[in-house]
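Visitor: I'm new to this. Could you walk me through a structure, one question at a time?

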Amino acid sequence: MARIELRNITKKFKRHAALSDLSLDVGDGEFFVLLGPTGAGKTTSLRLIAGLDAPSSGSILIDGQDVGQWSAAERDVALVFQYYSLYPHYTVRENLEFPLKSRRRRLGVEEVTSRVARAAQTLRIEHLLERKTDRLSGGEMQRVSIGRAIVRQPRVFLMDEPLSNLDAKLREVLRAELKDLQMKFRATFLYVTHDQVEAMSMADRIGVLNHGRVVQIGTPHEIYNRPCDTFVATFVGSPAMNLLPGVFRNGKVIVAPGKLEIPVAAEVANRLSPDLEQVTLGVRSEDVALGPGGGLEGRVYGVENHGVEKIVTLKVDEHSLKATVPAHMPIEVDSATAFAIDPGKLQLFATQTGTNLVR
Amino acid sequence: MASIVLRDVEKYFGESYVVRRLNLEIRDREFLVLLGPSGCGKTTTLRAIAGLEEIDSGEILIDGQPMQSRQAADRDIAFVFQLFALYPHLTAYENIAFPLRATNERKAVVDRRVREIARALRIDGLLGKRPSALSGGDMQRVAIGRALVRRPKALLMDEPMGALDAKLREEMRAELKHIHLENEATTVYVTHDQIEAMAMADRIAIMHDGVLQQVGVPSEVYQYPANLFVAQFVGSPIMNVVTGAVRPGDGCTDVVLGEHDAVQRFPVELGRRVTEQQQGRNDPLALGVRPEAVLVALRPADGYFPAEAHIIERLGPYDIVDLKVGTQLFRARTASGHVKKAGDAVWARLDERQTHFFDQSTGESLRIRL
């Protein structure tokens with residue numbers, strides 16, 4: 001297993017920069033997730049590390065060695081794609097053996113057999129070994145694809161949205177399996193996704209990408225609780241963090257005068273520049289509490305049942321605000337309700353730049 | 001406005017049935033969601049209501065009128081597909097106006113109706129644009145506007161948000177529900193996404209293998225699933241299911257979980273009711289427990305059994321912790337940061353009032369709640 005370092009990577013396609021000055025380290029045995037919307041540069045980063053593309057500038061190190069001149073095969077990394085590229089007319093066993101039959105590897109028959117057996121056992125596909133891959137379900141095919149990566153015993157696993165084509169239930173199961181696998185092997189995983197739940201649930205650390213740049217790197221806890229800007233704040237978490245534009249005056253953020261004014265803790269207020277005017281208040285739905293004595297008042301615009309809880313959309317004038325409440329709490333659409341915002345959980349962003357002012 | 005009634009509706013493709021003996025009533029102004037995995041027959045059902053698909057037996061009534069002899073166009077129903085299907089060469093305005101123009105409506109009326117619906121959908125600023133200049137969410141709004149503009153009796157939607165990304169879906173969900181509240185068109189909405197169903201539906205009808213499994217308001221379906229399929233299809237993370245052997249305990253009923261992995265104490269009443277239900281057979285049950293009903297303590301406590309924390313998913317507002325209990329794995333929902341790390345020894349208990357009991361062979365709920 002291995003460490004990966006990307007140093008000041010820029011990748012241009014004609015004049016468009018897909019990646020700009022990207023730097024990040026993935027530790028040995030770490031599960032690192034690159035998270036971002038379509039077009040953020042996630043897949044491009046993976047392809048550069050795999051050696052399928054070359055960066056326009058910058059360097060890539062695996063275990064401290066610059067691999068810029070190495071071929072994809074020499075880098076000894078395994079790629080798992082969203083679309084399982086299996087050989088359809090071959091059995092699962094043949095698909096698993098295939099990467100080991102390359103002449104460069106010079107593996108004995110026994111070694112090949114034992115590696116395939118171990119991978120099949122780990123992925124619970126032993127009963128499928130003699131089946132042709134075109135007769136497998138989506139989840140089984142993706143397990144075989146992962147198995148094909150495992151048998152190689154690569155230094156690094158690179159995964160490009162491997163769960164995207166599976167249905168929600170299966171994704172949930174495979175998420176846990178992948179994490180289990182990574183922990184068992186103490187493998188280095190670099191995993192690309194646009195799904196924040198996948199990132200939050202599996203990652204040791206997350207690197208959030210947007211427009212080809214790293215926006216923030218941190219543990220899921222850091223990314224969720226201390227997002228560095230409004231992009232990260234709204235991209236991570238469901239429902240998205242409430243953002244309310246306001247002005248900062250006399251220690252308060254005024255969103256709707258007289259109706260939605262939120263005091264800011266003194267130690268936070270002191271850190272803000274006094275001539276700062278436009279701020280955006282950020283608060284997560286679970287930090288908005290409904291109930292009498294809340295001090296603020298809104299109108300219920302909509303209620304979504306989520307089983308274990310409900311998500312209530314409140315309106316205060318034209319501003320909307322989502323709150324998470326227990327499932328058993330009775331809520332009437334179009335009724336007035338009191339609510340409170342947990343002052344300790346507030347985030348403040350500069351409206352102009354989107355930067356978090358209290359982080 | 002309309003009520004829709006399906007009576008003994010069946011649909012076959014060759015030997016195999018796609019929809020079997022379906023009885024369902026969709027009430028006037030209701031938002032009903034047909035939920036199920038792919039291939040469960042939900043889209044076929046929707047298309048049958050629309051008149052796009054013929055049924056082999058049974059009847060479909062709209063406002064009490066049998067529909068079999070009527071063409072799709074004569075059913076006064078609007079359909080919204082997953083792929084927006086807009087006319088690319090027409091502006092958003094013309095796309096929405098199209099169904100009205102086809103009925104030779106007066107120009108002033110068309111204009112008023114298009115602007116009204118566009119305002120409700122918050123696309124009044126985009127009316128001059130062609131579909132190619134619109135985002136996915138706006139295209140879907142235009143498609144919905146086109147469906148609603150002629151004030152159909154019913155609106156049928158087939159995974160209308162399937163092509164949108166997660167964030168947009170979240171926003172559109174609330175919007176769509178609000179549009180429904182304002183328009184009051186009877187709506188049948190097909191999806192495989194249980195979150196969408198729970199969030200928007202007045203009632204959910206869950207289908208599996210062509211058979212209707214349960215119909216109910218979201219909280220019923222979540223709290224009182226009729227069988228194991230519904231129990232595990234609705235809710236995320238998926239409900240834990242474990243074999244439970246019931247036996248008398250010391251002033252309680254003991255349930256042995258899994259392969260003697262743990263023993264959980266339940267009130268005596270459970271034993272009595274299980275015996276009653278099973279008429280003395282004493283077959284093992286399947287216990288269903290949602291992650292929020294698996295209680296986790298950091299120290300030994302009365303009624304708790306030992307467990308080992310395995311994978312911890314820190315999702316932000318809460319954690320999902322996998323617990324190893326002997327050969328079993330239970331997923332528990334805990335406060336964020338409650339369990340520190342994988343490998344920690346913890347103690348767990350199933351919340352008896354939130355435990356579901358199923359017949360292990362049929363999967364049917366025994367309808368026992370403590």
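Visitor: Which residues does A:H306 touch, not counting those up to four places away in sequence?

Guide: This is a predicted model, where local features need pLDDT of at least 70, side-chain atom pairs count only at pLDDT 80 or more, and totals for chains, interfaces and linings use all residues. Residues are numbered from 1 along each chain as its sequence is written, while chains are lettered from A and ligands numbered from 1 in the order in which they are written. Touching here means contact: C-beta atoms, placed from the backbone, lie within 7 Å. By that test, the partners of A:H306 are A:I311, B:I195, B:M198 and B:A199.

Visitor: Is A:H306 buried, partly exposed or exposed?

Guide: Count the other C-beta atoms within 10 Å: 20 or more is buried, 12 or fewer is exposed, and in between is partly exposed, with C-beta atoms placed from the backbone. A:H306 has 19 of them, so this residue is partly exposed.

Visitor: Where in chain A is A:H306 found?

Guide: Helices (H or I, at least four residues) and strands (E, at least two) are DSSP runs, numbered from the N terminus. A:H306 sits in the loop between β16 (296-305) and β17 (309-316).

Visitor: How far apart in space are A:H306 and A:V26?

Guide: In sequence, 280 residues separate A:H306 and A:V26. In space, C-alpha to C-alpha, they are 36 Å apart.

Visitor: How many helices and strands does chain A have?

Guide: Chain A has 359 residues, and 41% of them count as buried. Its secondary structure comes to 10 helices and 20 strands.

Methods: Contact = placed C-beta atoms within 7 Å.
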